[in-house]
Amino acid sequence: MKHPARTSRRTLLTLIGASLASAPLLNSPSAAALCAAVGLDDPAKKEIAMQLVSSAENSSLDWKAQYKYIEDIGDGRGYTAGIIGFCSGTGDMLDLVELYTDRKPGNVLARYLPALRQVDGSDSHAGLDPNFPGDWRRAAQDAEFRRAQDDERDRVYFNPAVRQGKTDGLRVLGQFAYYDAIVMHGDGGDPTSFRNIRKRALNRARPPAQGGDEVTYLNAFLDARVWAMKQEEAHSDTSRVDTAQRVFLRKGNLNLDPPLDWQVYGDSYHIG
C-alpha cells in the first residue's frame with residue numbers, strides 16, 4: 001500500500017546557495033574530521049538510505065522495484081512516480097522526462113512533454129490520461145530511464161542533502177535526516193521547505209560545524225521536521241521520524257550502522 005507521504009518538489013535554488021549563507025563553512029579540525037569519515041554517499045550507506053526512504057514512501061525495502069511505480073495519491077500534486085516520488089505537478093517529473101528525452105530521443109514518454117509543461121504547478125492530468133501511467137511503466141523497463149531517475153534523484157535531492165549535512169559537520173544519520181526531509185518537503189522558499197526546516201533548527205541549536213553538540217542539534221532538526229510535517233494533512237503521520245530516525249538517534253547510532261530496526265506507519269523493518 002502506498003501512503004500519502006510524497007511531496008517531492010522541484011528545487012528552485014541550489015541548496016549550496018541560499019542555505020549555506022546561514023552557516024559558516026567547516027573551519028574546525030573536529031568538523032573536518034567528521035566530513036573525512038564515511039558519509040551517506042558511501043555506497044553501503046547510500047543503499048541503507050534508499051531502503052529507509054522506500055520503507056516510508058513505498059512500505060517496502062525494495063526501492064529498485066519502484067522505478068515503475070506511478071499513481072495519483074490525491075495530494076494535489078498530480079501523478080507521483082518513480083523511486084523518489086517525481087510529481088507531474090511540481091516540475092521534477094518534467095525535468096526527469098526532459099533528461100530522459102535528451103539522452104534517448106523518441107522514447108515512449110517524450111510525447112508527453114507538452115502536457116507535462118502544461119500541468120506543471122497543478123494536479124491536472126490533462127494530456128496525460130489515459131495512457132501515461134502505462135507508458136511510464138513501459139519506460140521503467142528501459143535501463144536508460146532507470147539511470148535518469150537515479151541521476152535526477154542524486155542531483156536534486158541526495159547530493160545537496162549530503163553536501164549540506166557534511167558542511168554542518170553531521171555524520172551519516174544527520175545527512176540522512178536532511179535527505180529524507182528534502183525528499184518530502186523539497187527545497188523551495190515556502191515555510192515547510194528543507195531550508196526553512198533547517199533554519200528553524202538553527203534558531204534552537206548549533207550544528208557541530210558551529211561548535212554545537214550533534215545530538216542536540218539533530219533533536220532540534222527533527223523537532224522542526226515534525227512541525228513542518230504537521231502543517232499538511234498528507235504528512236501528519238510523523239512515524240518516519242518518531243519511530244525511525246528518533247530511534248537511531250536515541251541509540252546513539254550516528255553512523256547508521258546495521259543492524260537497524262524501525263517502524264513506519266506501524267510496519268516493522270530490519271536491515272541486518
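The axes of helix H3 (43-58) and helix H7 (residues 143-167) come within 14 Å and cross at roughly 85°, where axes are lines fitted to C-alpha atoms, for helices over the stretch in contact, and angles run from 0 to 180 degrees between N-to-C directions. H3 is therefore roughly perpendicular to H7, a term that covers angles of 65 to 115 degrees. Lys46, Ala49 and Met50 in H3 meet Arg153, Asp154 and Phe158 in H7; contact means heavy atoms within 4.5 Å. The residues of this contact divide into three nonpolar, no polar and three charged. Here Ala, Val, Leu, Ile, Met, Phe, Trp, Tyr, Cys and Pro count as nonpolar, Asp, Glu, Lys and Arg as charged, and the others, Gly among them, as polar.

This is a predicted model, in which local features need pLDDT of at least 70 and side-chain atom pairs count only at pLDDT 80 or more, while totals for chains, interfaces and linings use all residues. Residues are numbered from 1 along each chain as its sequence is written, and side-chain values use heavy atoms, with hydrogens and water left out. Helices (H or I, at least four residues) and strands (E, at least two) are DSSP runs, numbered from the N terminus.

Just after H11, Gly252 takes a positive phi of about 70°.

H10 has 16 residues and reaches 22 Å from its first C-alpha to its last, close to the 22 Å expected at 1.5 Å a residue; the expected span is 1.5 Å times one less than the number of residues. Its buried residues include Tyr217, Leu218, Phe221 and Met229. What covers them includes H8, helix H9 (194-202) and H11.

Elsewhere, Leu113 lies in helix H5 (residues 113-119) and is buried, with a relative accessible area of 9%. Leu113 touches Leu94, Val97, Glu98 and Thr101, not counting residues up to four places away in sequence.

Finally, three strands form an open antiparallel sheet in the order E1-E2-E3, two strands being paired if DSSP finds at least two bridges between them. Its edge strands are E1 (70-71) and E3 (86-87), each pairing on one side only. Two bridges join strand E2 (residues 80-81) to E3, and the bridge partner of Ala81 in E3 is Phe86.

Methods
Parallel < 35°, antiparallel > 145°, perpendicular 65-115°, else oblique. Buried < 20%, exposed > 50% of the residue type's maximum accessible area, 1.4 Å probe, protein only.
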